[in-house]
Amino acid sequence: MILSCQNITKSFGVDEILKDASFHIEEHEKAAIVGINGAGKSTLLKIIIRQLTPDEGTVTVAKDKTIGYLAQNQDMDQGLTVYEEVLAAKQPVIDMEEEIRRMEERMDQVEQNDLGAFMEKYERLTHQFELADGYSYKSEVTGVLYGLGFEEREFDKKSSELSGGQKTRVALGRLLVTKPDILLLDEPTNHLDMASIQWLENYLLNYKGTVLIVSHDRYFLDKIVTKVIEVFQRRVYSYRGNYTVYAAKKAELREAQMRAWYNQQQEIRHQEEVIAKLKSFNREKSIRRAESREKMLDKIERLEKPVDDNTDIHIALEPCITSGNDVLQVERLAKSFGSIRLFKEVDFSIYRGERVALIGNNGTGKTTILKILNDALKADEGTITTGTNVHIGYYDQEHHVLHMEKTLFEEISDEYPELTNTRIRNVLAAFLFTNDDVFKKIGDLSGGERGRVSLAKLMLSEANFLILDEPTNHLDITSKEILENALSHYAGTVLFVSHDRYFINKTATRILELHNGTLINYIGNYDYYLEKKDTLRDTAVKGGQTPPAAQKSAERTDGGRNDWKQKKMQQSAKRRLENELEKTEAGISRLEAEKAEAEEEMARPEVAVISARVMELHTKIQRHEEELEILYTRWEELSAQLEEV
């Protein structure tokens, strides 16, 4: 056991957050903490790292084990760059490297009598340096930054210029390269795109330490964790398995609890009826029997009725009118910001009843497309045609559709003046705003609360075509499931952008991937996308025919321009191959230079007498030769492919 929490109790004023919370984590285990917003998940992490003190209870960490913590909000040295922030986490290794260099410079000046002790210290230090992966720490830092979605041109950006999300990614990178024994991560996927989340999944799956994650990303938790710790109504419950296993076990447990409570209530009512009947006989013998039954009834340990968390949001999405079959037709859409082109000549169509997910990495232009469709942004080129009787409802992740100066009540009543006060209060109550909450200003609400107001307005709009930009941001898992259920039963049409893969998998009937400035179509949910993406991307890159699996949609969206599309695909393929060829050449140059440097060092007489260093350099040279052989082969393959294109 590496971490144990025993009987943790914590209150803030009169609000009790945790009560007698107990759980433990084994070494190398990967676990999740789940629960609704405000349940006490982050509080529990802060108690573990001793940022908060519990009112009662103890936290025990195994001896000599280190803890690393990623908070949701970050403070940074404003003068450092992105690369320097992460590199700073490697300071102990950097110090060792500098000491090794100083010793090497002094090696020729050491007296003969002191040389033995000096060389012993040098070899000990180089061994420690090697154990700390000192020869690869710079490439490790670079690899982590790439994995978290930073491009090389962003490495020199100052911390003061970063957004909150970028700072979180830098902090995550800094934490990962320190490799603590216990990783505590509070919502690590919040500001990552899909590619970065998948990279982080693989990183954590191969992480040798212990991991404890707070997250609402169910797909992520399914991939990573083998234990789920639920914070539910101040108590803590542990479940073996990933999130899906936990959800099934919890549903079974709740059903069993409800059944036991219901059976007990039936038995109590039966006994009360029998007692009343016996007393009504007004006979001494019957009264004694009634009193005996009463004593037995008093001794029964009454079960509490199982209750759900108070996130019982009620969403009922009903279109006011049925649209025509052709809901949306987009042709040759293009948008650039200055010299940066997001996409050009993008075509797609959406038909009644479809639930289409638009996915892609951060910065590819997904939100831009939604804003263009909702007239919040002008396209550079292209035409957008909406079908007959199409009424659009728009959910904006930045909540620009809300008025920060208005109260919740005013936000609804001004938009829908025909609604009565009672109806407005009932709608807001369905989204957990009751009593005086309705008079709060929008500007004073949290991100999650603003999201609920936007959902309330969306429900009242009675639109038959919903355009949703990151609708699950700031929602806890229970609220996400309620929204999933509402969209799955919605009779209208939906186009949405989301990074929540579990949400996409549950709701999408089709996926459009914005990749390298073009759209790739997948007729299915997220699991289908994962199965087919390599095949369909290769088809797009090589400019070949659309596979049968995607042909039905392609027939709808091509619009008789197959030749034109093939040409665009070939151009995209050429750019991709040129970029990859350039990266391969850069890799070859770097490895050849490092190999030559190692060979030069090994040839020096003073190094030749240090067997450990010679062996280390020999291994390094051999490894570089193997890597170079792979790159040489790859360069030949890419050159041949480029010639074909």
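This is a predicted model: local features need pLDDT of at least 70, side-chain atom pairs count only at pLDDT 80 or more; totals for chains, interfaces and linings use all residues.
1. Val34 belongs to strand E3, which covers residues 30-34. E3 runs parallel to E8 (residues 227-232), and four bridges join the two.

2. E3 also pairs with strand E7 (residues 210-214), again in the parallel sense and over four bridges. Here you can pick out Ile33, whose bridge partner in E7 is Val214.

3. Is E3 enclosed or open to the outside? Five of its five residues are buried, so the strand is largely enclosed by the rest of the structure. Side chains in a regular strand alternate between the two faces of the sheet. In E3, one side holds Lys30, Ala32 and Val34, the other holds Ala31 and Ile33, and all of them are buried.

4. Now hop over to Glu201, in helix H7 (residues 194-205). Its relative accessibility is 5%, and because buried means under 20%, Glu201 counts as buried. Which residues does Glu201 touch, leaving aside neighbours within four places in sequence? They are Tyr219, Phe220, Lys223, Ile224 and Arg501.

5. Zooming out, the chain has 21 helices and 18 strands. Of its 645 residues, 46% are buried. The C-alpha atoms fill a box of roughly 115 × 75 × 50 Å along the principal axes.

6. One more thing about the whole chain: take the contacts between residues at least 6 apart in sequence, and 69% of them join residues at least 24 apart. As for charges, there are 87 positive and 110 negative ones, and their mean positions are 7 Å apart.

Definitions and conventions
Residues are numbered from 1 along each chain as its sequence is written. Side-chain values use heavy atoms; hydrogens and water are left out. Buried means under 20% relative accessible area, exposed over 50%, partly exposed in between (1.4 Å probe, protein chains only). Contact means heavy atoms within 4.5 Å. Lys and Arg count as positive and Asp and Glu as negative; His and the chain ends are not counted. The place of a charge is taken as NZ of Lys, CZ of Arg, CG of Asp or CD of Glu. Two strands pair if DSSP finds at least two bridges between them.
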